[in-house]
Amino acid sequence: MCRIASLFLLHRLKGSMSGDACDFSNMETRAVIKYFFLQGKEPKKIHVILKETLEEHTPSYTTVKNWVA
């Protein structure tokens with residue numbers, strides 16, 4: 001079930017980027033980061049997951065690490 005929820009969140013986040021990158025919401029990114037953090041994932045693993053999904057729109061590792069903190 002957690003895998004399905006993870007895929008849904010990432011799909012929703014990627015879908016929110018339709019069109020211009022300016023449409024991308026930091027709140028949505030933070031919500032996904034918080035979800036993975038609450039699952040016990042480390043910031044490095046969260047960043048890898050985001051990079052696979054968001055490609056060039058991925059926040060930096062430092063940003064992910066700060067938001068987790």
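This is a predicted model: local features need pLDDT of at least 70, side-chain atom pairs count only at pLDDT 80 or more; totals for chains, interfaces and linings use all residues.
Student: Which pattern does the protein follow along the sequence?

Tutor: Count DSSP runs from the N terminus, taking H or I runs of at least four residues as helices and E runs of at least two as strands. There are 4 helices and 0 strands here. Read along the sequence, that gives α-α-α-α.

Student: What percentage of the residues is buried?

Tutor: Buried means under 20% relative accessible area, exposed means over 50%, and partly exposed is in between (1.4 Å probe, protein chains only). The protein has 69 residues, and the buried part of them is 30%.

Student: What share of the contacts with a separation of 6 or more comes from residues 24 or more positions apart?

Tutor: A contact here means heavy atoms within 4.5 Å. Take the contacts in the protein with a separation of 6 or more, then pick out those between residues 24 or more positions apart: they account for 48%.

Student: How are H2 and H3 placed: parallel, antiparallel, perpendicular or oblique?

Tutor: Their axes, which are lines fitted to C-alpha atoms over the stretch in contact, come within 10 Å and cross at roughly 135°. Angles run from 0 to 180 degrees between N-to-C directions; under 35 degrees is roughly parallel, over 145 roughly antiparallel, 65 to 115 roughly perpendicular and the rest oblique. So H2 and H3 are oblique.

Student: Which residues of H3 does H2 meet?

Tutor: From H2, look at Val-32, Ile-33, Phe-36 and Phe-37. The residues of this contact divide into 7 nonpolar, no polar and no charged (Ala, Val, Leu, Ile, Met, Phe, Trp, Tyr, Cys and Pro count as nonpolar, Asp, Glu, Lys and Arg as charged, the others, Gly among them, as polar). On the H3 side, the partners are Ile-46, Ile-49 and Leu-50.

Student: And H3 with H4: at what angle do their axes cross?

Tutor: H3 covers residues 43-54 and H4 covers residues 61-68. Their axes come within 9 Å. The crossing angle is roughly 125°.

Student: How many residues of each class make the contact of H3 with H4?

Tutor: H3 brings Pro-43, Lys-44, Ile-46, His-47 and Leu-50, while H4 brings Tyr-61, Val-64, Lys-65 and Val-68. Sorted by class, that's 6 nonpolar, 1 polar and 2 charged.

Student: How far apart in space are Leu-38 and Val-68, C-alpha to C-alpha?

Tutor: Leu-38 belongs to helix H2 and is exposed, with a relative accessible area of 64%. Along the sequence, Leu-38 and Val-68 are 30 residues apart. In space, C-alpha to C-alpha, the distance is 9.7 Å.

Key: Residues are numbered from 1 along each chain as its sequence is written. Side-chain values use heavy atoms; hydrogens and water are left out.
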